[in-house]
Amino acid sequence: MITKTRLAAGVCALLAALTAGLAFPAGAAAGEPTGRDAPKVDLVLDVSGSMRARDIDGQSRMAAAKQAFNEVLDATPEEVELGIRTLGANYPGDDRKTGCKDTAQLYPVGPLDRTEAKTAVATLSPTGWTPIGPALLKAAGDLDGGDGSKRIVLISDGEDTCAPLDPCEVAREIAAKGIGLTIDTLGLVPTAELSRQLSCIAEATGGTYTSVEHQDELTDRVNELVDRAADPVVTPVPAEGADRCAGSPTLKSGLYSDREEFGQQRWYRVDVRPGQELRASVSVAADRAVNPGYGVLLRAVTSKGREIVRGEAAGNGRTDVISTGLRYPKAESDDEDAPAEAVCLAVSHSFSAASGVKATPGLPLELTVDVVDAPGRAGDVAAFGLGRGWWLLGVLILTGFLAGLVWGWLSRWRVAVWRTN
């Protein structure tokens, strides 16, 4: 179990931010940005009759979804082409065959007119069936064409009612086309069956599943996914880690992807020459339902098994991706022909599968590796601890000491006054 302390969490957050900011640009050596066209997002909203239920912050699920959509539309980046598709919004009858065709494009995918899109959302009223499979097929067509990022965000409060067209099989079919489309799913007040189905849909395309029970959670999560679509498209290079340091693949600077099963540890190797610094970060995503309380650990280890440095982070179930990072500067050598040191990176996590969740394939893992010339000044090197931050620590200690003296004097004075009276 990964130990969680306040100090470790603060250091790891700093390392993760520093590593992500410094290492990511060099990742293009392994995976170059490919999205030249505008990123596209299709929000697919369940408008079936069950959306009338009033169990989200005292309002109906439909009202919460509308409010979330309005806030998301206001915050959508200018470069994102966004559309809205509905399912179950138009047919109120009992004919299953007709109800399972009830999906329509409420707002076409393209440059966003916020006023027009909000007006369209305001007209929605919970109506009919839940044809998730047909809606996903149509949404994939909405995003057809172009080489920018493509993302479907599916929001539903119930399982598909149009079997045998299994939504999981539809998602796998979409993934098999190789068009680079990701499906993220959100379950409103989900049941176990809904969570299973939405997790399966997301897993098939490398997307994420999130359960939502409050309106602000829905807003924040959809905003996050829309913003993610606007990020530069970088193609990670597949790298299959080994189960031990010996025999692990040697990586150069770049962005890599792998899968790590529950309870598994993945090893990779990086060559670091004297005067260079290794910067690495790792993200592990929960693309299916997992138990709350988990962490991720990244270690740099010598070929003889001695740990050099580590980065770790912990989560409590409120996020589907957890990241950490580390830095290792190798000292200069007087020998110009000194060989490179083989540093092994070990990745492990403490995610555990919820009841009934498939353990395979492993959870998606992304590893960023960057080997750069080490900073010239010791104060800039992570191995030297706080570096030029020592003066700040000294100020804090002095401030605390003076505050303690003043508080002690005031306490004694108050006691003296009390005794006198």
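**Exercise 1. Work out what share of the protein chain counts as buried.**

Solution. Start with the cut-off: buried means under 20% relative accessible area, exposed over 50%, and partly exposed in between, with a 1.4 Å probe and protein chains only. Of the 421 residues, 46% count as buried. Before going on, note that this is a predicted model, where local features need pLDDT of at least 70, side-chain atom pairs count only at pLDDT 80 or more, and totals for chains, interfaces and linings use all residues. Residues are numbered from 1 along each chain as its sequence is written, and side-chain values use heavy atoms, leaving out hydrogens and water.

**Exercise 2. Find the largest nonpolar core and the element that gives the most to it.**

Solution. A nonpolar core is a set of buried Ala, Val, Leu, Ile, Met, Phe, Trp, Tyr and Cys residues joined through side-chain atoms within 4.5 Å. The largest one has 31 residues, and Leu43, Val222 and Val226 are among those with the most contacts inside it. Next, look at the elements giving two or more residues, including strand E1 (40-46), helix H2 (61-75) and helix H8 (215-230); helices (H or I, at least four residues) and strands (E, at least two) are DSSP runs, numbered from the N terminus. H2 gives the most, with 7 residues. Another core, of 27 residues, lies apart from it and includes Val282 and Phe351.

**Exercise 3. Decide whether valine 417 is buried, partly exposed or exposed.**

Solution. First place the residue: valine 417 lies in helix H9 (residues 390-420). Then take its relative accessibility: valine 417 counts as partly exposed because the value is 32%.
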